[in-house]
Amino acid sequence: QVQLVESRGGLVQAGGSLRLSCTASGRIFSIETMGWYRQAPGKRRELVAGITSGGSTNYADSVKGRFTISRDNAKNTVYLQMNTLKPEDTAVYYCHAQSIEGRYQYDYWGQGTQVTVSS
């Protein structure tokens, strides 16, 4: 099992910045990919950004150039730096970890944290 604990989100004005963090515990040795998803009211959960244990990253087109994901393997923590925030970034943000043990793959989720961007 892997447990994920996210930092608190918050309310920020459009154009502002916010950093989220997520710390993993438990069977952390098995974690391959960590990332952030978000879900706005009435919408499906979508990938925001992901990062592998080797440091490869991918981003949703809507956040490229504004958000940066990073990972501190020594602290078992992944960060999401969000700059130039827009009202459409308002959502519940979920930390995600994918672990691989042998031929099995597991997905773990944080509890979610609200990010609200005011116009």
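Here is a short chat about the predicted model shown above.

User: Hi! What does the secondary structure of the chain come to?

Analyst: Hello! This is a predicted model, and its chain has zero helices and eleven strands.

User: Okay, and how many disulfides does the count come to?

Analyst: The count is one disulfide. It joins cysteine 22 to cysteine 95, with a sulfur-to-sulfur distance of 2.1 Å.

User: Remind me, what is a disulfide?

Analyst: A disulfide is a covalent bond between the sulfur atoms of two cysteines.

User: Where do cysteine 22 and cysteine 95 sit in the chain?

Analyst: Cysteine 22 is in strand E3 (residues 18–26), and cysteine 95 is in strand E9 (residues 91–101). They are 73 residues apart, so the pair links distant parts of the chain.

User: Is the link of cysteine 22 and cysteine 95 left-handed or right-handed?

Analyst: The link is left-handed, with -85° about the S-S bond.

User: And is cysteine 22 buried or exposed?

Analyst: Cysteine 22 counts as buried because its relative accessible area is 0%, and buried means under 20%. Cysteine 95 is buried too, at 0% relative accessibility.

User: Switching topic: how does the radius of gyration of the chain fit a compact globule?

Analyst: The two agree: a compact globule with 119 residues would have a radius of gyration near 14 Å, and the chain has 14 Å. Along the principal axes, the C-alpha atoms fill a box of roughly 45 × 25 × 25 Å.

User: What share of the residues count as buried?

Analyst: Of the 119 residues, 41% count as buried. The chain exposes about 6,500 Å², and carbon and sulfur atoms supply 47% of that area.

User: What about contacts between residues at least 6 apart in sequence?

Analyst: Among those contacts, 54% join residues at least 24 apart.

User: How far apart are the mean positions of the positive and negative charges?

Analyst: They are 2 Å apart, for 13 positive and 9 negative charges.

User: Last topic, the loops. What is the phi of asparagine 76?

Analyst: Asparagine 76 has a positive phi of about 55°, although it is not a glycine. You can find asparagine 76 in the loop between strand E7 (67–72) and strand E8 (77–82). Asparagine 76 is partly exposed, at 24% relative accessibility.

User: And where does threonine 84 lie?

Analyst: Threonine 84 is in the loop between E8 and E9. Its phi is also positive, near 50°, in a residue other than glycine. With 44% relative accessibility, threonine 84 counts as partly exposed.

Key:
Residues numbered from 1 in each chain as written. Predicted model: local features only at pLDDT ≥ 70, side-chain atom pairs only at ≥ 80, totals over all residues. Heavy atoms only, no water. Disulfide = S-S within 2.5 Å. Helix = DSSP H or I, 4+ residues; strand = E, 2+ residues; numbered from the N terminus. Buried < 20%, exposed > 50% of the residue type's maximum accessible area, 1.4 Å probe, protein only. Rg over C-alpha atoms; globule rule 2.2 N^0.38 Å. Contact = heavy atoms within 4.5 Å. Areas by Shrake-Rupley, 256 points an atom, 1.4 Å probe, with all protein chains shown as cover. Lys, Arg positive; Asp, Glu negative; His and termini not counted. Charge placed at Lys NZ, Arg CZ, Asp CG, Glu CD.
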